[in-house]
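Below are my notes on the model you sent. They are set out as numbered points, to be read beside the structure.

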Amino acid sequence: MEGFFSVFTIELFNSGIRLATPILLAALGGALCNKAGVLNLALESKMLLGAFLGIVAAYYFGNTYLGILVAVIAGGLLGWLFAFLYHRYQVDLVILAIALNLIILELTVYIMRVLFGQTGSWSDPSIVRVPDIHIPIIQDIPVIGGLLSGYNFFVYLSWAIAITLYVVLYHTTFGRHIRAVGENKEAAETVGINARRIQTLALVLSGMLAALGGAFLSVGHLKLFTRNMSNGRGWTAIAAALFGLNHPIGTFFASLFFGFADAFSVRIQNVTDLPPNLVEILPNFATVLVLVLIALRETVTRSMARSRSRAQIRAAADEKPGPA
Amino acid sequence: MALALEMKGISKYFASTDVRANDQVDFAVEAGEVHALVGENGAGKTTLMSILYGLVRPDAGEIKVDGQPVQIHRPDDAIRHGIGMVHQHFKLVPSFTVAQSIMLGMEPNRGGFLTPNEENRIVSELAERHGLPVDPKARIRDLPVGMQQRVEILKVLERKAKILVLDEPTAVLTPQEVAELMRVVRNLSQAGFTVIFITHKLLEVVRVADRVTVMRGGRNVGSKAVAETTVPELARMMVGREVLLKVNKAPRQPGPVVFAADDVSVTDVRGFPAVTRVSFEVRAGEIVGIAGVSGNGQTELVEAVTGMRALDGGRLALNAKDATSLSVRQRRNAGLAHIPEDRIHVGLNLETNLDENLIVSRYKLGQFNRAGFLNRRSMRDFAIDVIKRFSIAAAVPGGGISRLSGGNMQKVVIGRELAGEPTFIVANQPTRGLDVGSIEFVHRSLVDARDRGAGILLVSVELEEILALSDRVLVMYRGQIQGEVDPATATEEQIGLLMAGAQPETTAPTA
């Protein structure tokens, strides 16, 4: 059992944070869309596109940051295309998302083969991974330094975006308009709020965030692209947004939870004899568990209300006939 | 007097439904008056007001505000010209506070950041200025309907509206709330605001309006000063012929009990108590009316009675046999018929044809069913028979039903439900959204069924309908029977107090 507990280390924490980052970025985009009343089930493909374009553009431009920029712009354009098809032609967002998820998966493999002759994975020695940032002073504090310092800019940026999104949604006029559109679109429109513009913006921003999360995978965490690199993280992000009740801070902690589940399953493979395939499904199992919990919360609220109602009925019964 | 608003030659044709909703309509409103706009459903009053508010683009016509021609393409334009609209279905965000709702789209801010204290102060001042007190920090979802409507009115006033359009504002209110609204409307008019009051209830016109415009079939059929007209005259203008305002019916001949609810409790979809310990009986040959403001448990009670929702406690009996846990089909076989509230989604299946809709409650009978296969010919014969008996003029045997008018759709439902000569009929809002002609038909059908010996449970939020049809009236409030009244002697005020939750013994309102 010593081996089992040895997985709980600062390295586990570090890798949990790293693995949570792409999920968090995409999940914030998903939460924003949910708040604006547009279902975004295409986070997975936007992430995959970001991962692919990020590394390919970094290779051709010879600059990783330009690569990331290209990925983010492409994610935004994809989000805009979504909004355009939705608003102009009333295309069903669920069907659109399914189609896009399938197309992007095959398209990235196809282009990878045309450009680089590879179908499984691709990398190039010229590509530079985004460097880690060692924060002065903080990095020298024992334990805390090891926990908070030493990640690359994606990680810190994702935290900043979570906080910014919270402030925007709950403390600015613009954020209130977003929430109004999501909760009652007609109410917002009748006071002159442009719901279409807000929903378009939400889809564009969430595309950019998901693509940024994807780029983290290919040039921030590793420096290679593999077929289906997002590997379900876009879907996990949707679960994280739901688990976080679409609140940016809630989403932050939900994403951390999934990141740690991921990190844990990686670590545990090194220290136990459990079959790797079994361990790999751990994070997915956690996702299902969380979704069940969310559903249970509804059921529990309902049954609590129900038992309160029974109590009221009994109380009414005691009251009504009076002491006869 | 100066005209606050003038609409000239407004026309609108909807190609998708082939309806000429507005046909060369002229409409003028004087400054500071309360102007009622009346007409049946589909007469074009909502279209006219949607055009005024920029929700619908007219094909032709012009609009003048204070004598100046204006272009209104979007609600923003209407608001800019001082036109405000209180919609029939409130446009509010449930999780927002009163202040947040009123200030939505025009929030006080510092560089884009919200300033909640200033917001609450503005709303308090606004409410005080107009004598419409509200709690700025209360959540919309916690407010009663009358209060939500007040928020909508304040929302319009904060946007500097000089012309207020109220679309069917009394449809969701208790009689007391209606009286309060009438007072508010009169005060606004005295303070110089112009109010356009859309309604189809003529008694309200007489109570609140200075002038009235009647619409029929997309045209303006006349504008009059209220002082110079009468309710029967307005009714005639509205319908285009004489209307029976009263239902003729013979005295009731009550027979044995056909339905009994004993101590019934039901919870709603969210798990909250909707019906609490309700007991009543319906006898053969009588109509029992359930009055009440919508949302006081009527829907859940009907669902429990018809088998659509499980009981939380209590028992039901159909024709003296226990029916508490019978399925819908078993209840129907025991003599139940159900005319549901929502004819489009629950009452009918618009995807299938007339024949199929008519036999959907009896397709297992040998007459229509041969070893699991439907007998198309006997279905057709049955449809032809029902069309004749219930004079569903526009329906074609084997034809689609999705393009029928609301009145004809309801005739299909009633035809199906009453064709089997049920002993107990549940009719929930059977005339909602129907024109006067169809309302007469529905009322006649129900009274005929009663005279034939059926017991009827009639649920309606239209007090006039309840009083005209019922032999006995039960008033529901917060899931309980608040009291029983005799429709022959009860006054509207008496019932109104019960609807608002007053105890039947005490006469003073407990507000």
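1. A definition is needed before the helix pair can be described. A crossing is called right-handed if the near helix is turned clockwise from the far one by less than a right angle, and left-handed if it is turned anticlockwise. Keep in mind throughout that this is a predicted model.

2. By that convention, H3(A) passes H10(A) in a right-handed crossing. The axes of H3(A), residues 43–61, and H10(A) come within 6 Å and cross at roughly 50°. The two helices are therefore oblique to each other.

3. Which residues of H3(A) meet H10(A)? On the H3(A) side they include A:Leu43, A:Met47, A:Gly50, A:Ala51, A:Gly54 and A:Ala58. Their counterparts in H10(A) include A:Gly207, A:Ala210, A:Ala211, A:Gly214, A:Ala215 and A:Ser218. As background, an α-helix has 3.6 residues a turn, so residues three or four places apart point the same way.

4. H10(A) itself covers residues 195–221, which is 27 residues. From first C-alpha to last, H10(A) reaches 37 Å, close to the 39 Å expected at 1.5 Å a residue. Even so, H10(A) bends by about 35° at A:Ala215, and A:Ala215 is also among the residues that meet H3(A). Is H10(A) mostly covered or mostly uncovered? It is mostly covered, with 24 of its 27 residues buried.

5. For chain A as a whole, the secondary structure comes to 14 helices and two strands. Its C-alpha atoms fill a box of roughly 90 × 60 × 40 Å along the principal axes. Of the 324 residues in chain A, 43% are buried. Among contacts in chain A with a separation of 6 or more, 73% are between residues 24 or more positions apart.

6. In chain B, helix H1 (residues 45–52) is mostly covered, and eight of its eight residues are buried. Those buried residues include B:Lys45, B:Thr46, B:Met49 and B:Leu52. B:Gly54 follows H1(B) and has a positive phi, near 85°.

7. B:Lys155 deserves a separate look. It lies in helix H5 of chain B, residues 145–158. B:Leu126 is 29 residues from B:Lys155 in sequence, and their C-alpha atoms are 9.6 Å apart.

Note on methods. Residues numbered from 1 in each chain as written. Chains lettered and ligands numbered in written order. Predicted model: local features only at pLDDT ≥ 70, side-chain atom pairs only at ≥ 80, totals over all residues. Helix = DSSP H or I, 4+ residues; strand = E, 2+ residues; numbered from the N terminus. Expected span 1.5 Å × (residues − 1). Bend = angle between axes of the 7 residues up to and from the residue. Buried ≥ 20, exposed ≤ 12 C-beta atoms within 10 Å, placed from the backbone. Axes fitted to C-alpha atoms, helices over the stretch in contact; angles between N-to-C directions. Parallel < 35°, antiparallel > 145°, perpendicular 65-115°, else oblique. Contact = placed C-beta atoms within 7 Å.
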